[in-house]
Amino acid sequence: MKQKKFIRNATPYFFITPWIIGFLVFTIGPLILSLGMSFFDWPLTSDPVFKGFGNYTEMFTKDTQFWKSLTISLKYAAIFVPLNMAIALFLAMLITQPVNGVKIYRTIFYIPAVISGVAVSIIWGWILNGDYGVLNYLLSLLGITGPRWLVDPAWALFAVILASAFGVGTMMLIFYTDIKNIPIDLYEASSLDGASPAKQFFCITLPIITPTILFNLITSVISSFQQVTLVMLLTGGGPLKSTYFYGLYTYNNAFKHHKLGYASANAWVMFIIILILTALIFKSSSTWVFYETEAKNGKKKKGGKK
Amino acid sequence: MKRKLAVLCMLSLTAVTVLSGCGGSKTNQDTAKDGKTKIRFASWDVAEDVDRQQELVDKFNLAHDDIEVTLEAYGQDFDTKISAGMGSGDTPDVMYMWNYPSYYQGLEPLGSFIEKEGESYKANFYDTLWNYNSMDGQIYGIPIGFTTHTLFYNKDLFQEAGISEPTNDWTWDDLQQAAKTISEKTSAKGFAFPMKPDPYDFEMYLWSNGAAYCDKEGNLEGNINSKESEEVFQMFQDMEKEGYAVATEKSGTDEFRSGAVAMYVYGAWSINSLKEDGLNYGVVAIPAFANAGKDSVSILSSSGISISKDSKNKEAAWEFVKFWTNEESNKARIGLELPVLSSVVESEKIMDQPEYAPFYLMLEQSTGYTSASFIIKEWSELSEKLSLSFEEVFNPSSLQSVPDVLNSAAQK
């Protein structure tokens, strides 16, 4: 009897063992290993030497590039995250409109998200080319002399942001499904009361999708700190190191300069920064995220007290 | 409680499997049941090039009853995978190699193997190549292919401008004259060079003008900021400022292929694509500096083949290395790589082909120089810093003063 119960309780775990094994071997294992490695000096071809917190103190006190790269990544996240969410939300609103052929638009907007990061980088490399690029050609039709996007340090970060906003489709889709789920009677009722479309957007749509906004905010903050493909292939960190993102800095320390221990320390510092940011966002969410279920429960309690 | 126990059991079970899995691979037998010695061979080539290499490997396997070589094509990730392999003690037995300063501690010195083959074996390779496959006087790789840099020029644009084509005796003054004329008379620019040159490549111009990044002890001060070195950087910056040369975002190949520039300096890598384009181009030696009183010098981008220090079957690995570097294999790889054996260059009449001969001319002119990357221990980090300095000089949105940049670069 007891044994049967045990088997019944354990069955779900048996089902997820393949995943657990993968998680332990390919995620937790390397994670712990890299934490250990961050306390060593390991030049790959020879044996690791223990140096305690040496990597961390070097990073914070001696390495000027660390601070520079961190600032660049923060700057990128500060511009990219709100911009990307605004675009995604805007597109999501567009594709929920009852227009003919909306499915085609939906596909077109989503396609870029399916393309691999490498291809996106190459395409944008051509689009953004200062002398022969399409973008500057289009600008020249408007009488504007476009900057040399990938050569001028003042424009390069913006060029990277532009190129990464190309992959907005996934976020758009998440917004889209959430907006589609909003009961139509809310809009009908409000329009009877004479609410304008703008009013409807700010008073109905936006509050209802705040949980989705929270989700998108957190995932895009995380992904913007991990951005590395684009800068590696599009700008190579240049011009004049103006797009030398933290991810690229870590990657180069590990695989170009063969300082594996140091790069592990870099990665852990990034992990902690992301952790803090995510925690802050979660903490703040109670003030601006609105859950329908919570609201209903709250009302019931109030009623009960009476 | 029960549930927790179940989870614990599962976790410990997986842990045991994982750990034992790791332990198992270490005692892996390198000799298979059929008695053949297994050799892993890592290459960085991709696509059709790998197919051609596989054919060669198959040929070797057919001819050897006791050795079986497996080709592992790492492609773009080559360096990452070799680094990871060396880090985890799982390096392939034989591998392509170019970055000796970074990896030589994980490679087997080949001096004794070469000695056994006799003097003529070593003498058949172009002498300059050995320098680039050694570290601290020890040979760590057998040369397979190389490229020097040469001046590529667009014949049509020269004709359109009505000026005579470059020759092997050109100086930079000649090039500047021609570049000016072409910029004036055609819609193309005269000359292109990368605005962010790889410091490894750029040192050849310093050598050509009698300078270098550093002395034999690796001191930058007084070398990279010497008068001769400044002259080189100043010349390139002036060409850009005066408008007949462009500093390109990448190597300049794209601009050259599209006919937007008439001349640029590059290795043999672009020849295949230029041929495909049907571009009417020519190749000559890099121009010399008029005041330097010597021929121009080129950097060598060389590839070799090395044996891992940890390999358990070094004799068998050497057998394969010998096969991979012999005349027949050199011939089979023509088109992929410039052959490194003088006997092959002779028998295949490579010197009679005008698009290849200048690469060998540059090879002969470039004996006796040691790249700073072989002298300076922390080259990869210095290279990154130098790269930034050079970009400060050549990036059109900064164009900083040459002496200032070089003086501060010398302090790094």
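Me: Is B:Arg40 buried, partly exposed or exposed?
Reply: In this predicted model, local features need pLDDT of at least 70, side-chain atom pairs count only at pLDDT 80 or more, and totals for chains, interfaces and linings use all residues. Residues are numbered from 1 along each chain as its sequence is written, and side-chain values use heavy atoms, with hydrogens and water left out. Buried means under 20% relative accessible area, exposed over 50%, and partly exposed in between (1.4 Å probe, protein chains only). At a relative accessible area of 23%, B:Arg40 is partly exposed.

Me: Which side chain meets B:Arg40 in a salt bridge at 2.7 Å, N to O?
Reply: A salt bridge is a side-chain nitrogen of Lys or Arg within 4 Å of a carboxyl oxygen of Asp or Glu. The partner of B:Arg40 at 2.7 Å is B:Glu72.

Me: How many residues apart in sequence are the parts that B:Glu72 and B:Arg40 tie together?
Reply: Strands (E, at least two residues) and helices (H or I, at least four) are DSSP runs, numbered from the N terminus. B:Glu72 lies in strand E2 (residues 67-73) and B:Arg40 in strand E1 (residues 37-43) of chain B, so the parts tied together are apart in sequence by 32 residues.

Me: Which residue is linked with B:Arg40 and B:Glu72 in a network of salt bridges?
Reply: B:Arg40 and B:Glu72 pair with each other. The network also includes B:Asp90.

Me: What is the N to O distance between B:Lys322 and B:Glu117?
Reply: B:Lys322 is partly exposed at 23% relative accessibility, and B:Glu117 is partly exposed at 28%. Their side chains meet in a salt bridge, N to O, at 3.3 Å.

Notes. Chains lettered and ligands numbered in written order.
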